[in-house]
Amino acid sequence: DAARQAGVKHFIYTSVHGASPTHPIDFYRTKYRIEQYLRQSELPFSILRPSAFMEWHAHNLLGKSVLEKGSTIIFGSGTNPTNFVAAQDIAQLVLRLLADEKVRNRLILIGGPTNPTRNEVAALYGQRAGITAKVRHLPVGMLRVMATALRPFHPGISRVLRMGAGADAQDETLDMTDTLRLFPLALTSLEAFVTEQVAKHNQCRPVRDSAVQPLIA
């Protein structure tokens, strides 16, 4: 409403892949309602539906623990193919949309070039880091019980657990063919992303040299 009153010429909204009025997770239903409100606002708009962010779902929730501890925890079986997208690729698409006045009032899917499983993500981090990653799985039933128990006290954590419980059953893949036909983009591969994260981790590790002793005045 504030954007319309200010005379904004193009409103770009970041929704989420899978947003719908009947989704079992309230986050997705809320995103869908916002999409509909924007469509009815008479503002020129673009709605982006990105898949799971590599920075959060691949790195923070999986790979970071592999690099720091040599192990990670996966919600569910980890065998469901999932699309992951790099934030920089979303930014690249936004710049294209802002520069082209002919592209308006569209819903656009944006994701990565492949659909790996979470087990494959964990294994890739271990491979790139040169270690054998230890992976533990939290069963779906346990996630649902924990989500229900935590809902009154920590609704945000409860939502994450419920999303994890649904990860095995929902279609989390994305085909970028139509989007790339409209907007030719150089998408970041998961392999390139993980390689970059491993390199950053290695650069930040403290140098340990037993031959170097601290000097005490």
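Six salt bridges turn up in this structure, which is a predicted model. We'll visit some of them, then look at other spots.

**Stop 1: the start of the chain**

Select aspartate 1 and arginine 4. These two form a salt bridge, and their closest N and O atoms are 3.2 Å apart. Colour the pair by accessibility if your viewer can do that: aspartate 1 has a relative accessibility of 44%, so it counts as partly exposed. Arginine 4 is partly exposed too, at 39%.

**Stop 2: a buried pair**

Now pick glutamate 35 and arginine 49. Here the salt bridge has its closest N and O atoms 2.7 Å apart. Glutamate 35 belongs to helix H2 (residues 26–39) and arginine 49 to strand E2 (residues 45–50), so you can see the pair linking distant parts of the chain, 14 residues apart. Is glutamate 35 buried or exposed? It is buried, because its relative accessibility is 1% and the cut-off for buried is under 20%. Arginine 49 passes that test as well, with 13%.

**Stop 3: a bridge across the sequence**

Select arginine 118 and glutamate 172 next. Their salt bridge brings the closest N and O atoms to 3.0 Å. Arginine 118 sits in helix H5, while glutamate 172 is in the loop between helix H7 (155–166) and helix H8 (177–182), so this bridge ties together parts that are 54 residues apart in sequence. Both arginine 118 and glutamate 172 are buried.

**Stop 4: histidine 10**

Jump to histidine 10, in the loop between helix H1 (2–5) and strand E1 (11–14). With a relative accessible area of 12%, histidine 10 is buried. Which side chains does the side chain of histidine 10 meet in polar contacts? One is serine 46, at 2.7 Å; another is arginine 104, at 3.3 Å. Show everything around histidine 10 and, leaving aside neighbours within four places in sequence, you'll also find contacts with Pro44, Phe45, Leu97, Leu98 and Val103, among others.

**Stop 5: the nonpolar cores**

Time to go inside. The largest nonpolar core has 17 residues, and Met54, Ala58, Phe84, Val121, Tyr125, Leu190 and Val194 have the most contacts within it. Highlight helix H3 (54–69), helix H5 (118–129) and helix H9 (190–204): each supplies at least two residues of this core. Helix H3 gives the most, with five.

Apart from this core there is another one, of 13 residues, including Ile90, Ile108, Leu174 and Phe183.

Now zoom in on tyrosine 125. Setting aside neighbours within four places in sequence, its contacts include Ala58, His59, Gly63, Val66 and Leu67, along with Phe193, Val194, Gln197 and Val198.

**Stop 6: a patch on the surface**

Switch to a surface view and select Phe53, Trp56 and Leu61. Together they form a nonpolar patch with about 280 Å² of accessible area. Phenylalanine 53 is in strand E3 (residues 52–53), and its relative accessibility of 31% makes it partly exposed.

**Last stop: the whole chain**

Zoom out. How many helices and strands does the protein chain have? There are nine helices and seven strands. The C-alpha atoms fill a box of roughly 70 × 40 × 40 Å along the principal axes. Of the 217 residues, 38% are buried. The chain exposes about 12,800 Å², and 57% of that comes from carbon and sulfur atoms. Among contacts with a separation of 6 or more, 80% are between residues 24 or more positions apart.

Methods
Residues are numbered from 1 along each chain as its sequence is written. Side-chain values use heavy atoms; hydrogens and water are left out. Patches are made of residues with over 30% relative accessible area and no salt bridge: like charges are joined within 9 Å, nonpolar side chains (Val, Leu, Ile, Met, Phe, Trp, Tyr) within 5 Å. Accessible areas come from the Shrake-Rupley method with a 1.4 Å probe; for residues, only the protein chains shown count as cover. A salt bridge is a side-chain nitrogen of Lys or Arg within 4 Å of a carboxyl oxygen of Asp or Glu. Helices (H or I, at least four residues) and strands (E, at least two) are DSSP runs, numbered from the N terminus. Buried means under 20% relative accessible area, exposed over 50%, partly exposed in between (1.4 Å probe, protein chains only). A nonpolar core is a set of buried Ala, Val, Leu, Ile, Met, Phe, Trp, Tyr and Cys residues joined through side-chain atoms within 4.5 Å. Contact means heavy atoms within 4.5 Å. A polar contact is a pair of N or O atoms within 3.5 Å; within protein, one must be able to donate a hydrogen and the other to accept it, and residues adjacent in sequence count only if both atoms are side-chain atoms.
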